[in-house]
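I opened the notebook to look up a few residues and the overall dimensions of one model. The entries below follow the order in which I looked.

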Amino acid sequence: MSKQLDVITIGEAMAMFVASQTGSLAAAEQFVKRVAGAELNVATGLARLGLKVGWVSRVGNDSFGRYVQQQLAKEQIDDRGVTTDERYATGFQLKSKAENGTDPIVEYFRKGSAASHLSIADFNEEYFCSARHLHLSGVAAALSDSSLELLNHAARVMKQKGKTISFDPNLRPVLWKSEAEMVKQLNTLAFQADWVLPGLSEGALLTGQKTPEAIADFYLDHGVKTVVLKTGADGAWFKTADGEKGAVSAVRVENVIDTVGAGDGFAVGVISALLEGKSLPQAVSRGNKIGSLAIQVIGDSEGLPTRAALGE
């Protein structure tokens with residue numbers, strides 16, 4: 001387990017079936033198979049940029065699980081932290097084909113999935129500490145109590161070892177028992193992170209604040225070092241514990257195809273650039289750029305660029 005990694009993340013991957021025709025999912029008769037999962041999207045984007053990435057999860061001993069593992073191999077993502085669970089199945093989802101930039105409809109079939117049984121038993125300290133950075137998302141936190149416990153444990157250990165941590169709230173209210181529980185648990189995770197990356201509406205819900213600066217100050221006051229807020233058509237806004245702050249304009253997109261995955265693309269840009277030692281404005285600019293590429297294709301990760309395609 002001594003192989004050195006740049007980033008480790010934890011999450012669930014599902015087989016995703018995207019409708020080939022616009023309209024309701026009930027009427028769709030043909031689908032294209034893809035792989036989906038917020039944390040896997042980030043792992044994929046970072047790997048395509050040349051970073052060494054490990055992804056920790058559980059998949060079922062089934063065709064969907066094997067499909068996920070094939071995609072990991074294809075993207076050169078380290079799979080030593082992936083367990084094949086003989087008891088539970090790999091989840092899947094159906095996704096409508098959207099048009100005119102509208103959000104697609106997604107139906108999930110993930111309850112009781114293999115990944116929902118992630119727990120502290122999946123934490124190998126040597127493996128995790130072989131990475132210099134940990135990326136966490138609110139999706140994995142919402143899967144189950146045991147998965148949330150794993151994320152908190154990983155964050156505590158990595159922080160103690162001097163590793164950096166990023167956190168994307170990625171709100172999934174339907175997976176939580178209540179909004180109050182979601183806010184409490186996600187903020188507990190966020191307070192352990194160095195870099196917090198919420199959307200503006202997410203930040204408002206989690207903090208009770210309305211402006212980007214007030215949302216940022218909420219997290220900075222709890223020990224976070226950098227807060228970067230996605231502000232939609234305006235781009236992004238950032239502030240650090242040292243008082244550096246500013247806005248970075250969005251990349252204009254003429255034809256929005258599929259909005260799913262934009263936030264994951266943004267995280268890929270910010271995390272990769274900061275790990276490369278670039279300035280925060282440069283990192284946020286890269287986040288905007290990759291986020292803009294993600295929404296110009298069908299699929300959650302198809303728009304994530306290689307280093308050559310990024311053009312930096």
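I count two residues as being in contact when heavy atoms lie within 4.5 Å. The model is predicted, and every value below is computed from it.

Entry 1, Glu-75. I started with Glu-75, which sits in helix α2, residues 63–75. Which residues does Glu-75 touch, leaving aside its neighbours within four places in sequence? I found Thr-44, Ala-47 and Arg-48. With Arg-48 there is also a polar contact, side chain to side chain, at 2.8 Å. I then checked the C-alpha distance from Glu-75 to Gly-45: the two are 30 residues apart in sequence and 9.0 Å apart in space. Is Glu-75 buried or exposed? Its relative accessibility is 14%, and buried means under 20%, so Glu-75 counts as buried.

Thr-44 belongs to helix α1, residues 38–48. Thr-44 has a relative accessibility of 5% and therefore counts as buried. Leaving aside neighbours within four places in sequence, I listed its contacts as Glu-75, Ile-77, Ser-301 and Leu-304. I then asked how many of the 11 residues of α1 are buried. The result is 10, and α1 is mostly covered. Among the buried residues of α1 are Glu-39, Asn-41, Thr-44 and Gly-45. After α1 comes Gly-50, and I noted its positive phi, near 100°.

Most residues other than glycine have a negative phi. I recorded two residues with a positive value. Gln-76 has a phi near 60° and lies in the loop between α2 and β5, residues 82–85. Asn-170 has a phi of about 40° and lies in the loop between β9 (164–168) and α6 (179–190). I looked up accessibility for both. Gln-76 is at 70%, so it counts as exposed. Asn-170 is at 11%, so it counts as buried.

I placed Asn-288 in helix α10, residues 280–294. With a relative accessible area of 10%, Asn-288 is buried. What lies 3.2 Å from a polar atom of the Asn-288 side chain? I found the backbone oxygen of Val-248 there.

The protein chain has 11 helices and 13 strands. I checked the radius of gyration against the globule rule: for 312 residues a compact globule would have a value near 20 Å, and the chain has 18 Å, which agrees. Along the principal axes, the C-alpha atoms fill a box of roughly 50 × 45 × 45 Å. Of the 312 residues, 56% count as buried. I took the contacts between residues at least 6 apart in sequence and found that 71% of them join residues at least 24 apart. The accessible surface comes to about 13100 Å², and 49% of it belongs to carbon and sulfur atoms. For charge, I noted 32 positive and 36 negative side chains, with the centres of the two sets 3 Å apart.

Conventions: Residues numbered from 1 in each chain as written. Predicted model: local features only at pLDDT ≥ 70, side-chain atom pairs only at ≥ 80, totals over all residues. Heavy atoms only, no water. Helix = DSSP H or I, 4+ residues; strand = E, 2+ residues; numbered from the N terminus. Rg over C-alpha atoms; globule rule 2.2 N^0.38 Å. Buried < 20%, exposed > 50% of the residue type's maximum accessible area, 1.4 Å probe, protein only. Areas by Shrake-Rupley, 256 points an atom, 1.4 Å probe, with all protein chains shown as cover. Lys, Arg positive; Asp, Glu negative; His and termini not counted. Charge placed at Lys NZ, Arg CZ, Asp CG, Glu CD. Polar contact = N/O pair within 3.5 Å; in protein donor to acceptor, adjacent residues only side chain to side chain.
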